[in-house]
Amino acid sequence: MVVRIVEVAVKPVLVVLGSREPHERRSRAAAAVRYLARHPETDVVVFSGYNGEAEEMLALARTLGLPAGVRVLLEQESQHTYDNAVKTRELLHQHDLDDRVPVVLSCPYHMPRARRTFLTAFRRVDTAVEGRWSLDEARKFVRDELPRIVRHGLRGHVDLGPLSVVLNIVRRCA
């Protein structure tokens, strides 16, 4: 008996997360255009955000030279990262793109939570970080994002891996 292992190439879909901060939306739209130019195999992009964030990022991406032929999907209902993940999965399903691997694009301080959150909705997630960590972003991560990761992990919205076992024990004892 001969067993053959065949690798199946899975096509990515770029998922650009919105932000309440206008400068972050501009930065993410520009990073999306750069990513798509460097990765022509990515032929679908989802702009995800609430209250006009997705539309604003799409308009800016078009102004900056969104590559022709890229299929654009808008997810306009997400108010937080968990919504981004769940509603993006639903949107991809509606468009028969269930087999795609999301490449989540966000800023450096948000990426650890975004990646872990998307892992609750998808089996596999890749990431594309816009920019580099600055000292201010490192402070923002420690001040804002770490507590959110723990809080969302306790709700089951973030995959905390082995840490989730410890947090569940602590929660039961409290």
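Tutor: In this predicted model, helix 3 passes helix 4 in a right-handed crossing.

Student: What makes the crossing of helix 3 with helix 4 right-handed?

Tutor: A crossing is right-handed if the near helix is turned clockwise from the far one by less than a right angle. Helix 3 passes helix 4 in that sense.

Student: Which residues of helix 3 and helix 4 meet?

Tutor: From helix 3 come Thr81, Tyr82, Asn84, Ala85 and Thr88, and from helix 4 come Arg113, Ala114, Thr117 and Phe118. By class, this contact has 4 nonpolar, 4 polar and 1 charged residues.

Student: How do you know that helix 1 is oblique to helix 2?

Tutor: The axes of helix 1 (22-38) and helix 2 (residues 53-64) cross at roughly 50° and come within 9 Å. Since roughly parallel means under 35 degrees and roughly perpendicular means 65 to 115, the pair is therefore oblique. Helix 1 passes helix 2 in a right-handed crossing.

Student: What makes up the contact of helix 1 with helix 2?

Tutor: Helix 1 brings Arg25, Arg26, Arg28, Ala29, Ala30 and Val33, while helix 2 brings Glu53, Glu56, Met57, Leu60, Ala61 and Leu64. These residues divide into 7 nonpolar, no polar and 5 charged.

Student: What is the volume of the largest pocket, and which residues lie nearest its centre?

Tutor: The largest pocket has a volume of about 540 Å³. Of its 23 lining residues, Ser19, Arg20, Gln79, Arg113 and Arg148 lie nearest the centre. Helix 1, helix 3 and helix 5 (135-155) each supply at least two residues of that lining, and helix 5 gives the most, with 5 residues. The lining has 3 nonpolar, 10 polar and 10 charged residues.

Student: How do you know which residues in the lining of the second largest pocket are charged?

Tutor: Asp, Glu, Lys and Arg count as charged. The second largest pocket, with about 180 Å³ of space, has Arg89, Asp98, Asp99, Arg100, Arg123 and Arg124 among its lining residues, and these belong to the charged class.

Definitions and conventions
Residues numbered from 1 in each chain as written. Predicted model: local features only at pLDDT ≥ 70, side-chain atom pairs only at ≥ 80, totals over all residues. Heavy atoms only, no water. Helix = DSSP H or I, 4+ residues; strand = E, 2+ residues; numbered from the N terminus. Contact = heavy atoms within 4.5 Å. 1 Å grid on protein atoms, 1.4 Å probe; cavity = no way out; pocket = protein on both sides within 12 Å on 5 of 7 lines; lining within 4 Å. Points joined across faces, edges and corners; volume = space filled by probe spheres on them. Axes fitted to C-alpha atoms, helices over the stretch in contact; angles between N-to-C directions. Parallel < 35°, antiparallel > 145°, perpendicular 65-115°, else oblique.
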